[in-house]
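Here's a quick briefing to read with the model open in your viewer. Take a look at the chain first, then work through the notes below.

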Amino acid sequence: MIFSGNMSSDFMKLAEVPLQKRPTLVNFAATDFLTLRNSLIAYAKAVYPDDYQYFVESDLGMMFIELVAYMGAVMSMKADMLANENFLATAKQRSSVRKLLNLIGVRMKGPLSAAAQAKLTFLDNLTGLSGTITPDKRIINISSPEDGGSLTYTLYKIVNGLVDTVNSTGNIILYDTEASNTQKNVFTNLVLQEGALVQETGDFAATEGVKSIRLSQGPIIDGSIQVYIVDTNNSLATGAYTEVQNIYFASGSDDKIFEVVYDDEYNATIIFGDNSTGITPSESATFTVFYRVGGGTRGNIPNNFINTQVNLATGAGTKTATLTNISKGTGGANAETVEHAKRYAPLVFRSQDRLVTLEDYSVFANTYISSYGTVGKATAAIRKAYSSANVIDIYVLEKASDLQLQRATTNFKTQLLAAMNKKKMATDDIVIVDGLIRTIDLVTTVRIDKAEEKNQEQIKTKVRNRILNYMAVDNREFGQNLSITELNRQIFEIDEVRFSTIDNLQQDVPIDFNEIIQLNNLTINIELLD
């Protein structure tokens, strides 16, 4: 036999990868679709070199490879999302952030209601009389100036600058001595707060170890829940109860306090103490709960927007009065954003319910809710003087809406100071000071492709929303300069925008430590590019 010079071999089959060696070919770092797809192709070429060699998109085998890569990418993303939701810094879902904060005893604030000072004017005086306003007469129905939908306000009485505590009936009683004029027919010790008043009554189950009340309606306005207990077996448990952020803040076993636990829809459950941290009502006790449902920016109303008749029962029969709001209804805000909660909640936990550092004072003021349901924006500073090192200046503004701040009312500052004095260091002296608002106008020109001409109104709306969000109260801080570069970056993140310019500002806007920038007027121009 003559050797031809050619050698043939079945090396493709002889080079088969053993089963126990195949895991070494797995690319465990592959997570995205393309990497998974290419890894599967490489694996098929190495393990099945003689069985499958047709790697084109139209082939049925490639369809199955891409389907597996697709599912692998989805599962990888889901695993990353689940891992991210377990940590506060990376969590994005509201429910995840809420549950993580509950672990450290901090809850996210729900929707806040607008509030306005109210005035009742009678046709004749109440000299020697008292007038009673029942809960159903306290409810005022109007239309929202924001969207035209139905809007409800509830009337409350103010005593010593605070909303009066609840009683078992929910009635408001006006005495002639509380009149603001000598004719005894005008009363201004009243406040209107947005939200529909709801009353629930009942008793506790005998099997409950820790007493609780599940409220039936929502979303419940933060800070609006009032509880009154009648306990025939324990006189110490009878009376009005005070809401606290955490039931473990109780200072003793006889404190009349309750904690509110919200779900994602801001339905609420009231939880009482256990006779160790706060008093607990007995099984025979009955409860009356008043709360308001609603909240949000749609409750903000102008001055004198409410003008209606209210009937009061007096010893001389029913008297009619005209109810008006003599100030703007401000402070209405939507539920706390995830970003705001992630920023302040760890700092609240770090303060451990006491005020020591400047950061503690600032965080407390930024998360405080007054009895009117309003919140503030604040910063803290130490006076730079040798004899004033222990004087803490709290520069504060009151939130009027998600986009606007206003000068804090006397009531808000008084309540904030009283709340801080309970938790401050004994050697510190707190002074509440008005913060300053620096209003600016913005004129921006946005460049888009000419092909997007028919969509320019939608693009303008996107740009407006992006700017308003960037300038929102929760996203601005005292002493934070306005960066033109950062503002343009926010606009540029919109896909349809080629680039943008701020036409009326040539450089960044610097401000002092006690100032905060607020948007006044916004003009958006569109320029088409070929």
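Predicted model: local features only at pLDDT ≥ 70, side-chain atom pairs only at ≥ 80, totals over all residues.

**Around serine 401**

Residues are numbered from 1 along each chain as its sequence is written, and side-chain values use heavy atoms, with hydrogens and water left out.

- You'll find serine 401 in the loop between strand S18 (391–399) and strand S19 (405–406). Helices (H or I, at least four residues) and strands (E, at least two) are DSSP runs, numbered from the N terminus.
- Serine 401 counts as buried because its relative accessibility is 14%. Buried means under 20% relative accessible area, exposed over 50%, and partly exposed in between (1.4 Å probe, protein chains only).

**Isoleucine 448**

- Isoleucine 448 sits in strand S21 (residues 436–449).
- With a relative accessible area of 0%, isoleucine 448 is buried.
- Beyond its neighbours within four places in sequence, isoleucine 448 is in contact with residues including Gln456, Ile459, Val497, Arg498 and Leu528.
- Asparagine 303 is 145 residues from isoleucine 448 along the chain, and their C-alpha atoms are separated by 41 Å.

**Helix H2**

- Helix H2 (residues 33–47) has 15 residues and runs 21 Å from its first C-alpha to its last, close to the 21 Å expected at 1.5 Å a residue. That expected span is 1.5 Å times one less than the number of residues.
- The buried residues in H2 are Leu36, Arg37, Ser39, Ile41, Ala44 and Val47.
- Helix H3 (60–84) is part of what covers the buried residues of H2.

**The whole chain**

- The protein chain has nine helices and 23 strands.
- Its radius of gyration is 32 Å, whereas a compact globule of 530 residues would have one near 24 Å. The radius is taken over C-alpha atoms, and the globule rule is 2.2 Å times the number of residues to the power 0.38.
- Along its principal axes, the C-alpha trace of the protein chain spans about 135 × 65 × 55 Å.
- Of the 530 residues in the protein chain, 44% are buried.
- Among contacts in the protein chain with a separation of 6 or more, 72% are between residues 24 or more positions apart.

Technical notes. Contact = heavy atoms within 4.5 Å.
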